[in-house]
Amino acid sequence: MAERLLIINADDFGISESSNAAITELFEGEKITSAGILAPAPFAGEAAAISGRRNYSVGVHWTLTSEWPQWPWKPCGDAPTLLKDGFLAADKNILKQAKSRDVTKELEAQYLHLLDLGCRPDHADSHAGTLYGTNGRLFFLNAYTLCRKYKIPFRFAAEDSFLVRQFGENVSPVLQLASRAIGGIGKLRGVDLLGDFCSDPRPAEKIGGLWDLKAWYEAQLSTLQGRVCEVFMHPCLPDGELLSRSSQWQKRVWEYEYLKSGDLILAAREAGFKVVSWREAFM
């Protein structure tokens, strides 16, 4: 029987100083195995430089939109149909009219930007789900083209069991069909994909604190399908400024505290997983 692998990934490396500090601490404590860098974000340079020096397993966390309208991010490439006033728009609706060639230009520019900053991405994924077809555009095709070009795997699940975990029990047949199509196209394009993944979809106000978050993740381990799986979170140190921007930042602090405890790694091993990085899983 093939050994089952679990990647523990931290998203949004580079979004803030407090996130960078949390993710670096978790890497150094061997509490996470990988991270995804937001190339357009203001602290991406620091994240990439640290990752390059310390040989962290990091990916390009492809993003087509800014996180906040008041603090927009500059694009890494020349992609005018993605922009508002020269910055990546915070409104996902702009993607409905974006030109596909601009999407490809920006995604490739983000990958190359991280190379220039001193690290080589070993995987790719999608910030805010904009590459998964949720906006009515087939941008996963753009992602697959670049993943094949640069020989890196992409975060999407070959199994569709993640749908119930992320969207609830009443998953529509249309959504199931779309998920299978996206996964199938990835395989046809020769892109390595995960078997399954999970990340707590609940907003902060629906989570009963750290212990509720812990219980949710550890319950999901037995539901993961396929050989290579991933748990991803968005850890951050307590940060009053970011909490003032969004009450959801509290969830990121709980995720940091949970990952720091090491309980997820212990639970994963008890569930029969070998905990690895993206680099190790797909080398």
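The model is predicted, so local features need pLDDT of at least 70 and side-chain atom pairs count only at pLDDT 80 or more, while totals for chains, interfaces and linings use all residues. Residues are numbered from 1 along each chain as its sequence is written, and side-chain values use heavy atoms, with hydrogens and water left out.

**Pockets**

Start by selecting Lys 92, His 127, Ala 128, Gly 129 and Phe 232, which lie nearest the centre of the largest pocket among its 42 lining residues. A pocket here is an open set of points on a 1 Å grid over the protein atoms alone, where a 1.4 Å probe fits, with protein on both sides within 12 Å along at least five of seven lines; lining residues have an atom within 4 Å of a point. The volume is about 1,200 Å³, taken as the space filled by probe spheres set on the points, which are joined across faces, edges and corners.

Next, colour strand S1 (4–13), strand S7 (154–157), helix H5 (162–167), helix H6 (173–188) and helix H9 (249–261); each supplies at least two lining residues. Helices (H or I, at least four residues) and strands (E, at least two) are DSSP runs numbered from the N terminus. The lining of this largest pocket comprises 18 nonpolar, 14 polar and 10 charged residues. Ala, Val, Leu, Ile, Met, Phe, Trp, Tyr, Cys and Pro count as nonpolar, Asp, Glu, Lys and Arg as charged, and the others, Gly among them, as polar.

Move to Pro 121, Asp 122, Lys 151, Ile 152 and Pro 153, nearest the centre of the second largest pocket, which has 23 lining residues. Helix H2 (44–54), helix H4 (140–150) and helix H11 (278–282) each give two or more residues to that lining. The volume of the second largest pocket is about 320 Å³.

**Salt bridges**

The whole structure holds 15 salt bridges, each a side-chain nitrogen of Lys or Arg within 4 Å of a carboxyl oxygen of Asp or Glu.

Select Asp 196 and Arg 165, whose closest N and O atoms are 3.1 Å apart in a salt bridge. This pair joins strand S9 (residues 196–198) to helix H5, 31 residues apart.

Then show Arg 202, which forms salt bridges with Asp 200 (2.9 Å, N to O) and with Asp 212 (3.0 Å). Arg 202 counts as buried because its relative accessibility is 19%, buried meaning under 20% relative accessible area, exposed over 50% and partly exposed in between (1.4 Å probe, protein chains only). Asp 212, at 26%, is partly exposed.

Finish at Asp 11, Asp 125, Arg 155 and Glu 230, which a network of salt bridges links.
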